[in-house]
Amino acid sequence: VENFMCHPKLTVDLNQNINFIHGQNGSGKSAILAAIQICLGAGARRTNRARNLKELVRKETSSGAAPNSAKIRVTVLNDGS
């Protein structure tokens, strides 16, 4: 994830069986789930976080400039198990 909601850059490696995402309020837990939803085809409204995809782009970078795009990538592994 890059420039998505509150995350300037984030990588999450999920395990095979069960995963927990925990943290303080406002730390970006829901943003991780929204990113997965968007990658799997949900619209921005479906995430209950924005009305359109443009609203999900991070508002400001460390230099103070607003980015004009975000990147989200999900890799799905099917090992046949």
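These legends walk through a few close-up views of a predicted model.

The model is predicted, so local features need pLDDT of at least 70, side-chain atom pairs count only at pLDDT 80 or more, and totals for chains, interfaces and linings use all residues. Residues are numbered from 1 along each chain as its sequence is written, and side-chain values use heavy atoms, with hydrogens and water left out.

**View 1. The largest nonpolar core has 7 residues.** Its members are Phe-4, Ala-34, Ala-35, Ile-38, Ala-44, Ala-50 and Leu-56. Helix α1 (residues 29-39) supplies the largest share, 3 residues. A nonpolar core here is a set of buried Ala, Val, Leu, Ile, Met, Phe, Trp, Tyr and Cys residues joined through side-chain atoms within 4.5 Å. Helices (H or I, at least four residues) and strands (E, at least two) are DSSP runs, numbered from the N terminus.

View 2. Skip its neighbours within four places in sequence, and Ala-50 is in contact (heavy atoms within 4.5 Å) with Ala-44, Arg-45, Glu-55 and Leu-56. Of these, Glu-55 sits in the segment after α1 and is partly exposed, with a relative accessible area of 28%. Buried means under 20% relative accessible area, exposed over 50%, and partly exposed in between (1.4 Å probe, protein chains only). Glu-55 and Ile-32 are 23 residues apart in sequence, and their C-alpha atoms are 15 Å apart in space.

**View 3. Asn-3 and Met-5 each have a positive phi.** Asn-3 has phi near 55 degrees, and it isn't a glycine. This residue belongs to strand β1 (residues 2-4) and counts as buried because its relative accessibility is 19%. For Met-5, also not a glycine, phi is near 50 degrees. Met-5 is in the loop between β1 and β2 (7-9), and at 22% relative accessible area it counts as partly exposed.

**View 4. The largest pocket holds about 830 Å³ of space.** There are 23 lining residues, and Val-12, Leu-14, Arg-73, Val-74 and Thr-75 are the closest to the pocket's centre. By type, the lining divides into 12 nonpolar, 5 polar and 6 charged residues. Helix α1 gives the most to this lining, with 3 residues. On a 1 Å grid over the protein atoms alone, a pocket is an open set of points where a 1.4 Å probe fits, with protein on both sides within 12 Å along at least five of seven lines; lining residues have an atom within 4 Å of a point. The volume is the space filled by probe spheres set on the points, which are joined across faces, edges and corners. Ala, Val, Leu, Ile, Met, Phe, Trp, Tyr, Cys and Pro count as nonpolar, Asp, Glu, Lys and Arg as charged, and the others, Gly among them, as polar.
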